[in-house]
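Please read them with the structure open beside you.

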Amino acid sequence: MRIPAHSVCTAIRDDIVAGVHERGSRLTEELLARRYGVSRVPVREALRTLEAEGFVVTRRHAGACVAEPTEQEGADLLEMRMLLEPLGATRAAQRRTEAHLKVLRGLVRLGQERARRGNSDDLRSLGGWFHETLAQASGSPALTSMLTQLRHKIAWMYVVDAPANPVESWAEHGAIVDAVARGDAERARAITALHTERSGVVHRLRFTSGPERADRVRTSQHPVNVTGVRH
């Protein structure tokens, strides 16, 4: 049975993000095919996709290698997310389905419960599912795909610390869902913009040239006032 290239692509991408394939290391088709138990054809297709996404580069005399993004490229990723996440929330308020709302509300309930109990183990994955579902609720496959790629690359480049106040963070998630449910596109955009800006503070670059370079990315120092966002 032929394993589809997108499954191989996902496996290689996940390993790159996890650091299994280190930055700058060679990615030979033969070794990858052996590792993932596939032929070289889906591996070749997967490498082309990963190159288009920015995870892989092709070098003369070396072939496919894991990319080595710069700190500026990392900062650009966070800035792009700050622009696209609010757009996704705006579209979600206009296009969401009841199925989307059901999932979003369920995730918020779980997140708020875990945050109150101080159980942070599940919060990161719950947050990822929340933002992925919010993107899907936008009704735009292109936007959803771009946000998914951004999340993968940010997870690859950054260590994300737990928020200082997870209860407040999940209250923001709840406020976003409330605005989306009411169809209030402007409020959904505004709260998501503030939430995304605030979350940038807890990102630290994985790849730095010295300990002093691993400072937090300071996109904002102002707390998000959920109740004070203008309609």
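1. Start with one glycine. Gly-127 sits in helix H6. This is a predicted model, and in it Gly-127 has a relative accessible area of 12%. Buried means under 20%, so Gly-127 counts as buried. Its C-alpha atom lies 8.1 Å from that of Leu-107, a residue 20 positions away in sequence.

2. Gly-127 also belongs to a helix pair. In H6, Leu-123, Leu-126, Gly-127, Phe-130, His-131 and Leu-134 meet a set of residues in H8, namely Pro-166, Trp-170, His-173, Ile-176, Val-177 and Val-180. Sorted by class, this contact of H6 with H8 has nine nonpolar residues, three polar ones and no charged ones.

3. How do the axes of H6 and H8 cross? Helix H6 covers residues 123-136 and helix H8 covers residues 166-182; their axes come within 12 Å and cross at roughly 20°. Angles under 35 degrees count as roughly parallel, and H6 and H8 are therefore roughly parallel to each other. The crossing of H6 past H8 is left-handed.

4. Stay with H8 for one more residue. Ser-169 is part of this helix. Is Ser-169 buried or exposed? Its relative accessible area is 14%, so Ser-169 is buried. Leaving out residues up to four places away in sequence, Ser-169 touches Pro-163 and His-195.

5. Now step back to the whole chain. The protein has nine helices and four strands. Read from the N terminus, the order of elements is α-α-α-β-β-α-α-α-α-β-α-α-β. Of the 231 residues, 42% are buried. Among contacts with a separation of 6 or more, 72% join residues 24 or more positions apart.

6. Nonpolar side chains tend to be buried together in soluble globular proteins. Here the largest nonpolar core has 30 residues, and Ile-12 and Val-56 touch the most other members. At least two residues of this core come from each of helix H1 (5-18), helix H2 (29-36), helix H3 (40-53), strand S2 (63-66), H4 and helix H7 (141-157). Which element gives the most? That is H7, with six residues.

7. H7 also packs against H4. The axes of H4 and H7 are 10 Å apart, at an angle of about 145°, and H4 passes H7 in a left-handed crossing. On the H4 side the residues are Gly-74, Leu-77, Leu-78, Met-80, Arg-81, Leu-84, Glu-85, Leu-87 and Gly-88; on the H7 side they are Leu-143, Met-146, Leu-147, Leu-150, Arg-151, Lys-153, Ile-154 and Met-157. By class, this contact of H4 with H7 contains 11 nonpolar, two polar and four charged residues.

8. One histidine of H7 deserves a look. His-152 lies in this helix, and its relative accessibility of 26% makes it partly exposed. Apart from neighbours within four places in sequence, His-152 is in contact with Arg-13, Val-17 and Phe-55. Val-17 is 135 residues from His-152 along the chain, yet their C-alpha atoms are separated by 7.1 Å.

9. H4 has a further partner, H9. The axes of helix H4 (residues 71-95) and helix H9 (residues 185-199) come within 8 Å and cross at roughly 150°. Angles over 145 degrees count as roughly antiparallel, and H4 and H9 are therefore roughly antiparallel to each other. Their crossing is right-handed. From H4 the contact uses Arg-81, Met-82, Glu-85, Pro-86, Ala-89, Thr-90, Ala-93 and Gln-94, and from H9 it uses Ala-185, Ala-188, Arg-189, Thr-192, Ala-193, Thr-196, Glu-197 and Ser-199. The contact of H4 with H9 divides by class into seven nonpolar, five polar and four charged residues.

10. Finally, check one backbone angle. Most residues other than glycine have a negative phi. What is phi of His-61? Its value is near 70°, which is positive, and the residue is not a glycine. His-61 is in the loop between strand S1 (56-59) and S2. With 77% relative accessibility, His-61 counts as exposed.

Note on methods
Residues are numbered from 1 along each chain as its sequence is written. This is a predicted model: local features need pLDDT of at least 70, side-chain atom pairs count only at pLDDT 80 or more; totals for chains, interfaces and linings use all residues. Side-chain values use heavy atoms; hydrogens and water are left out. Axes are lines fitted to C-alpha atoms, for helices over the stretch in contact, and angles run from 0 to 180 degrees between N-to-C directions. Angles under 35 degrees count as roughly parallel, over 145 as roughly antiparallel, 65 to 115 as roughly perpendicular and the rest as oblique. A crossing is left-handed if the near helix is turned anticlockwise from the far one by less than a right angle, and right-handed if clockwise. Contact means heavy atoms within 4.5 Å. Ala, Val, Leu, Ile, Met, Phe, Trp, Tyr, Cys and Pro count as nonpolar, Asp, Glu, Lys and Arg as charged, and the others, Gly among them, as polar. A nonpolar core is a set of buried Ala, Val, Leu, Ile, Met, Phe, Trp, Tyr and Cys residues joined through side-chain atoms within 4.5 Å. Buried means under 20% relative accessible area, exposed over 50%, partly exposed in between (1.4 Å probe, protein chains only).
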